[in-house]
Amino acid sequence: MAIYNIISCLKITDFLIIFVFTFLVYVFRFYYKYFTRPNPLPGPLPLPFIECSYLYDGDTKNFFTLLNKKYGDLCEYYLNGKRRILISSPEYLEKILTPSSKDNTFMIRLPHSEGYEEYGMAGRGIIVNHDIKSWRYNRHFFNKAILTPSFNNEAVKWTNIMTQELEDYWKSLGNLNLSKDNLKNENDWQIEIDMAEWARRFTSDMIVILITGERSYTMASYYNLYSLVKVTRSNPLIEDSERFVKAFSDYLFGLHFFMYFGYFSRRYQPGIKDTVKYLLNNRDYVFETLDNIIKKRRKEIEEMPVGAKLGHDMLTTLIITNTERDMNQEKNITKDDISTRPMTNVEIRGNLLDAFIAGVDTMANRFSFLTYYVCHSPHVKQKMIDEIYTIFPPNTPYNLNYVDLIKLEYCDAVMNEASRIISVAVDVARYIPNSCELAGYRWEAGTTFHMNINGIHSNENYWPNPEIFDPDRFYKKNDDMNNKVGNKFSFIPFGGGLRVCPGRKLTMIELISLVVVIFGKYDIELVDMNARQKQKAVQY
Ligand code: HEM
């Protein structure tokens, strides 16, 4: 009552004075904190409320490049209420990227957020899991499923099948052009394609089969968009392959919304709330589809006799690990006992989801970037093709196998150089829950470090002429004539430390296979040599 009486006595000008006063106190406090911060580093001046977002248009790569150029290899910026340290030189990375399972200092990628809680990611899976115990548990299973020789064999087997399928679609589309282009020989066919889109369908179908053991048919549905004669392939569990794969891309896209926008903005802010509504519906679709796939496989496994031969896909491994069907049950028991129980369906879903969101666009983009640079460097292309022919002679059936693939050292160097010159992942973060020392400073708990991957990969102290595409930097490492990777942290396309990407080997198998088949068998040219490279940032 007393408060009501006071308020009712106030005039408009009083409200105005209170408002201005509160505002000034806020601004004073904001800048007091800013100017008295420990270890001030160069960086843009944050503004009250919007901090440094006046420089950020959503393109993380450009934002980081701008900060790096203007403020140097160690600088700072503020976004979403957090002080962030941007690292663009390998010299500061040793502590962050040196694996030590005993030291938790740089184990967390992003802090817990209520947004991720709503999005169903907090404390689940691996990528944004802030709970170290739960992350260790999930990562142990993830590694066990994906880093085994039988999984690699499966990956090689499916690259053979999928590259053949891809070729059949291209040939069929190309043959449609034969009569149109007045070409007589059926081997003369040519087509103009969007390589990025085809690569995305290829990596999608690959990930779906390797992770779930189920077939998706995104290459088929993409082919149907261009062909009058339609192929009919379907899997009732994944009714609409295009939607299924798009749903994971959209889920990945949604991570930023649930990280940067608070509950109020997500519910009420025009322009945001509708996207969030879509993302939540999309989340439900993703979860429901994955849950159905998991339940079906669990049932299938339960109905099989113990000892029966099971698939090598990730889902099967996650279901059976630490059950009576697990051949390695005893070996899995570790000293800290994190991994002795089987996974629940929700835990399995978290791991599958991470494999989908981390393993489709990354690989497809990497292949597209490689194609772009190789087509701009005819001598690199020729050297690559010559090497492919030494192992896979022209006009012979290509039987891709792991032993042959790893012989292709120059192709590997081309892949590395393509991912150096334009990295798929632009931002790799670490959040420190406790105070720690790094780069000669002691940092407060709650600081987030962002590794500017493109900045590190083009740092002139480590990479002479970084703008030049030169695979020889990675080729024949004992030859003194070449520019070597000068520091072990100067090339980190897959991050490093305990949270290093577990999909490295799979990436190598899939991408080298694509390079072999596509550049070994076809004459690839860019339709527009002057077109600029486009890149959508992937943030970890
Ligand atoms: C070109 C392909 C790929 C690139 C460039 C890439 C890059 C990365 C990077 C930079 C990280 C962060 C590492 C760190 O924080 O130190 C990461 C993490 C991760 N990647 Fe990959 N990745 C690729 C493919 C894959 C594939 C195929 C999979 C799985 C199927 C995968 C699964 C993951 C997972 C689960 C994490 C989180 C690891 C953790 O937090 O413990 N990635 N990846």
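Biologist: Where is Cys501 found?
Modeller: Helices are DSSP runs of H or I with at least four residues, and strands are E runs of at least two, numbered from the N terminus. Here, Cys501 lies in the loop between α19 (453–457) and α20 (504–521). This is a predicted model, where local features need pLDDT of at least 70, side-chain atom pairs count only at pLDDT 80 or more, and totals for chains, interfaces and linings use all residues. Residues are numbered from 1 along each chain as its sequence is written, and side-chain values use heavy atoms, leaving out hydrogens and water.
Biologist: Which protein donor does the iron atom of the ligand have?
Modeller: Donors are N, O and S atoms within 2.8 Å of the metal (3.2 Å for Na, K and Ca); water is not among the atoms, so sites may look incomplete. The iron has a single protein donor, Cys501 (SG), 2.3 Å away.
Biologist: How many salt bridges are there in the whole structure?
Modeller: A salt bridge puts a side-chain nitrogen of Lys or Arg within 4 Å of a carboxyl oxygen of Asp or Glu. The search finds 28.
Biologist: Which residues of α8 meet α15?
Modeller: Contact means heavy atoms within 4.5 Å. Among the α8 residues are Met195, Ala199 and Thr203, and their α15 partners include Met363 and Phe367.
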